[in-house]
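Please keep the sequence and the structure in view while reading.

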Amino acid sequence: MRRSFVLLLLASALSGCGTVPSVSGATVSDVPLPWPAEGQAAVEVEGVGSLGASGDPDPLPIASVTKVMTAYVILRRHPLRLGDDGPPITVDRTAADESYAPQESTAPVREGERLRLRRLLELMMVPSGNNVARLLARWDSGSQERFVERMNATAHRLGMAATTYTGASGNEDSTVSTAADQLKLAKEAMRDPVFREVVAQADTAVPGDARRLPNTNTLLNKHGVIGIKTGSGTVAGGNLMWASRVRGRLVLGVILGQVANTNPVAAKAAALEAGGKMSAAVERWLLKRPAALLPEPRPTTPRPAEAIGPAHR
């Protein structure tokens, strides 16, 4: 059964809006969101707070949404500035061979070529290259297993109590989380300007290769959407972590488990459709809301870098 829980807006935001009804101890605002009929979802708005959540809160496979944590850990341990391409990284044989892996989303990299960290982040996040995610994990930590330990330690630090990572790419159905947990990560990841720039790219390419690799997130530039990541699999279904900017404030949403146990292509399309409806509804609500009833958004500032264990070189 779908459940929707919405927190009270700040008292100033509620002034003159009438009584807010209560359901099961929670409150219901006037935000008309089209919550998905299956899976789970959660949305929050900068300066306003949670707009609610739906679905049973049990952890679900998140597929390639996993790569958000991979990128977050990499950028925390190897910070980049805007305009900085970062260190060169040599593509190993494993990553090159995995470029041809069936049943996976990959990026066409070649053994021995040296690609800058910034470009590899693009190849991981934009066309969702599983092979690049695992390459970055090995480069950073010596092995994917060691890197996964860092992913889980970071999840613990962020209070993501219902999350377990078992790989850097999300190809494993054993990597599970909740919409609420992934919102916590989205909020932190979007504080990094390089991360924000990467996930907003419409496409990317491997240097020397004429092919353009499109972003799997086809919601970009619709209803203020500026990212973040899709994910899909047979068991996981369709998943989406999205961000939009409306009236100067950041909107974050997560949708998990759309048409699970079917076809990954159809599942991703279902997640994007649900995300399109949700982002459009939030945009409409914010645009209609009198500015005086919305708290001023605080500027998004990057967190200072902090150590997450010694980097492997």
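Of the 313 residues of the protein, 53% count as buried. The model is a predicted one. Its accessible surface comes to about 13,500 Å², and carbon and sulfur atoms hold 54% of that area. The protein has 9 helices and 13 strands. Among contacts between residues at least 6 apart in sequence, 66% join residues at least 24 apart.

The sheet is a place to begin. Five strands make up an open sheet, and their order is β4-β3-β13-β12-β11. Pairing within this sheet is antiparallel. Its edge strands are β4 (49–54) and β11 (225–233), each of which pairs on one side only. From one strand to the next, the twist averages 5°.

Strand β12 spans residues 237–246, and its antiparallel pairing with β11 runs over 8 bridges. Is β11 mostly covered or exposed? Although β11 is an edge strand, it is mostly covered, with 7 of its 9 residues buried. In a regular strand, side chains alternate between the two faces of the sheet.

The peptide bond from Gly227 to Ile228 is cis, with omega near 25°, and Ile228 is placed in strand β11.

Most residues other than glycine have a negative phi, and most peptide bonds are trans. Arg247 is not a glycine, yet has a positive phi of about 55°. This arginine, Arg247, is in the loop between β12 and β13 (249–258). With a relative accessible area of 33%, Arg247 is partly exposed. Val259 likewise is not a glycine and has a positive phi, here of about 35°. Val259 lies in the loop between β13 and α9 (264–288), and is partly exposed as well, with a relative accessible area of 26%.

The helices can be followed from α6, which packs with α2 and with α5. Helix α2 (residues 66–77) and helix α6 (residues 144–157) meet at an angle of about 95°, their axes lying 10 Å apart. Because of that angle, α2 is roughly perpendicular to α6. On the α2 side the contact includes Thr66, Met69, Tyr72, Val73 and Arg77, and on the α6 side it includes Phe147, Arg150, Met151 and Thr154. The residues of this contact of α2 with α6 divide into 7 nonpolar, 3 polar and 4 charged.

Helix α5 (residues 130–141) packs with α6 at an angle of about 90°, with axes 8 Å apart. So α5, too, is roughly perpendicular to α6. Arg134, Ala137, Arg138, Asp140 and Ser141 of α5 make this contact with Gln144, Arg146, Phe147 and Arg150 of α6. The residues of the contact of α5 with α6 divide into 2 nonpolar, 2 polar and 5 charged. Phe147 and Arg150 of α6 take part in the contact with α2 and also in the contact with α5.

How values were computed
Residues numbered from 1 in each chain as written. Predicted model: local features only at pLDDT ≥ 70, side-chain atom pairs only at ≥ 80, totals over all residues. Heavy atoms only, no water. Axes fitted to C-alpha atoms, helices over the stretch in contact; angles between N-to-C directions. Helix = DSSP H or I, 4+ residues; strand = E, 2+ residues; numbered from the N terminus. Parallel < 35°, antiparallel > 145°, perpendicular 65-115°, else oblique. Contact = heavy atoms within 4.5 Å. Nonpolar A, V, L, I, M, F, W, Y, C, P; charged D, E, K, R; others polar. Pairing = 2+ DSSP bridges. Buried < 20%, exposed > 50% of the residue type's maximum accessible area, 1.4 Å probe, protein only. Areas by Shrake-Rupley, 256 points an atom, 1.4 Å probe, with all protein chains shown as cover.
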